[in-house]
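Trainee: I would like to learn how to read annotated positions against a model. Could we work through some together?

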Amino acid sequence: MKYKRILLKLSGEALMGDLGHGIDPEVVSLIAGQVKAIQALGVEVGLVIGGGNIFRGVAGATKGMDRVTADHMGMLATMINALALQDALEQDGIETRVMAGIDVPKVAESYIRRRAMRHLEKGRVVIFGAGTGNPYFSTDTAAALRANEIDAQVVMKATNVDGVYTADPKKDPTATKYDRISFQEVLEKNLKVMDAAAISLCRDNHLPILVFNMTEPGNLLAAVKGQVVGTLVG
Ligand code: UDP
């Protein structure tokens, strides 16, 4: 196994399948199955889930909402997704804890780093909900932050494309995929990997990011085994 502890970042959109909005239980259960497969091999899994399938703060602010209120709504949206994932994982027999970046004690544990580490050591999947707990941030940044905090060896950024390309492969047929690329190059070329705050947090702390296609079954397993999947940024 190449990685013993990972931080998997899923966007909210990963949960909606073809629905266009909200949560598709079948898709969530497929994701749970993939997590189960790596957890069964002893990989410790932290998960950060986005909320874009339900609400994004920026969208609310564009329509005139107060940005901070809109971001609070976005963070609560990630909590809804976190609970959906927890439910699917537990139905699959995987012990799971949701830890929230904003306090919702009737719903989930508050995030406490040492407690999160303990859950991971005990083999529980830990879902970090509510992002960083602060407005103006993204769940990509939350993924970079939590990954550093829990000493994950890699941030695995699940997407629906194979990795990072020289250009948008949908617009430019000559675009090629990088197997490996440095943080510097990603920032200089403004390649869409994660937002700049997340990238610099990983770069400054030498934490690699693997961008890979999780809609391809078996990719997560292959990636933790160290097979060449997606693009490794580091
Ligand atoms: N959010 C926030 N602080 C954070 C993480 C998220 O305020 O640390 C809010 C923000 O409004 C964001 C929303 O939660 O738009 C959903 O997260 P994100 O857009 O990162 O979700 P994704 O694009 O991954 O589905």
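Mentor: We will take two sets of annotated positions in this predicted model and then look at single residues.

Trainee: Which residues does the UniProt annotation "binding site" cover together with Gly-51 and Asp-71?

Mentor: That unreviewed entry also lists Thr-132, Gly-133, Asn-134, Pro-135, Tyr-136, Phe-137, Ser-138 and Thr-139. The set spans 89 residues in sequence, yet no two of its C-alpha atoms are more than 14.2 Å apart, so these residues gather at one spot.

Trainee: Is Phe-137 buried or exposed?

Mentor: A residue is called buried if 20 or more other C-beta atoms lie within 10 Å of its own. Phe-137 has 20 such neighbours, so it counts as buried. Ser-138 has 23 and is buried as well. Phe-137 sits in the loop between strand S5 (125-129) and helix H5 (139-149), and Ser-138 is placed in the loop between S5 and H5. Beyond four places in sequence, Ser-138 contacts Gly-131 and Asp-195.

Trainee: What about the "binding site" list that includes Lys-9 and Asp-168?

Mentor: UniProt, again in an unreviewed entry, gives ten-residue detail there, including Arg-56 and Asn-160. Those positions span 160 residues, and the farthest two C-alpha atoms are 26.0 Å apart, so they do not all gather at one spot.

Trainee: Where does Asn-160 lie?

Mentor: Asn-160 is in the loop between strand S6 (154-159) and strand S7 (180-181). With 11 C-beta neighbours inside 10 Å, Asn-160 is exposed. Leaving out residues up to four places away in sequence, Asn-160 touches Asn-213 and Thr-215.

Note on methods
Residues are numbered from 1 along each chain as its sequence is written. This is a predicted model: local features need pLDDT of at least 70, side-chain atom pairs count only at pLDDT 80 or more; totals for chains, interfaces and linings use all residues. UniProt positions are given in the numbering used here, feature names are shortened, and annotations may be inferred rather than shown by experiment. Helices (H or I, at least four residues) and strands (E, at least two) are DSSP runs, numbered from the N terminus. A residue is buried if 20 or more other C-beta atoms lie within 10 Å of its own, exposed if 12 or fewer, and partly exposed in between; C-beta atoms are placed from the backbone. Two residues are in contact if their C-beta atoms, placed from the backbone, lie within 7 Å.
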